[in-house]
Amino acid sequence: LRMQCRWMGNAQFLTRAFSMANEDRTVLAGTQIIGWDPAAGIIRSWTFDSEGGFSEGVWNWQNDRWIVKANAVMPDGSTGSEQRILTPQDQNRFTWKAVTRQVAGQLLPNAEEVAVVRVTHN
């Protein structure tokens, strides 16, 4: 998994481009936009992937970690949801996992926790 994050415009929104590869072949790519919703007083995210799926998430800071409650529409039109848990480890790394996942009313197993590490390029 590779991610690249940048501020948009006047640093009002953060964009994150991501791609997942398997044996040097991209299997999924997409874009996420994260920003403050002043009308609702919350942080929201919108994610769009290369297969035609998309999701909207609501971010909450709880117990030293971000909890993102996300609802999604799959490429076939079915719907799903999950909670994503992002736990900072230090300035350059955090862990990510998805729990309470479901698609089309079917429960899915929790995703394995992964470590995300910042890599800087010169």
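## Strand pairing around β4

W36 has I43 of β4 as its bridge partner, within an antiparallel arrangement in which eight bridges join strand β3 (residues 25-37) to strand β4 (residues 42-49). Strands here are DSSP runs of E of at least two residues, numbered from the N terminus, and two of them pair if DSSP finds at least two bridges between them. The structure is a predicted model, in which local features need pLDDT of at least 70 and side-chain atom pairs count only at pLDDT 80 or more, whereas totals for chains, interfaces and linings use all residues. Residues are numbered from 1 along each chain as its sequence is written, and side-chain values use heavy atoms, with hydrogens and water left out.

On to the next strand, β4 also pairs with β5 (residues 54-62) in the antiparallel sense, over six bridges, and R44 has V58 of β5 as its bridge partner.

## The two turns

Four residues lie between the strands of the β3 and β4 hairpin, where G41 takes a positive phi near 70°. The hairpin of β4 and β5 has four residues between its strands, and G52 in that turn has a positive phi of about 100°.

## Salt bridges

With a salt bridge taken as a side-chain nitrogen of Lys or Arg within 4 Å of a carboxyl oxygen of Asp or Glu, the count comes to four. One of them joins D90 and R93 at 3.1 Å, N to O; salt bridges that share partners also link D37, R44 and E56 into one network.

In the D37 to R44 salt bridge the closest N and O atoms are 2.6 Å apart. D37 counts as buried because its relative accessibility is 16%, the cut-offs being under 20% relative accessible area for buried, over 50% for exposed and in between for partly exposed (1.4 Å probe, protein chains only).
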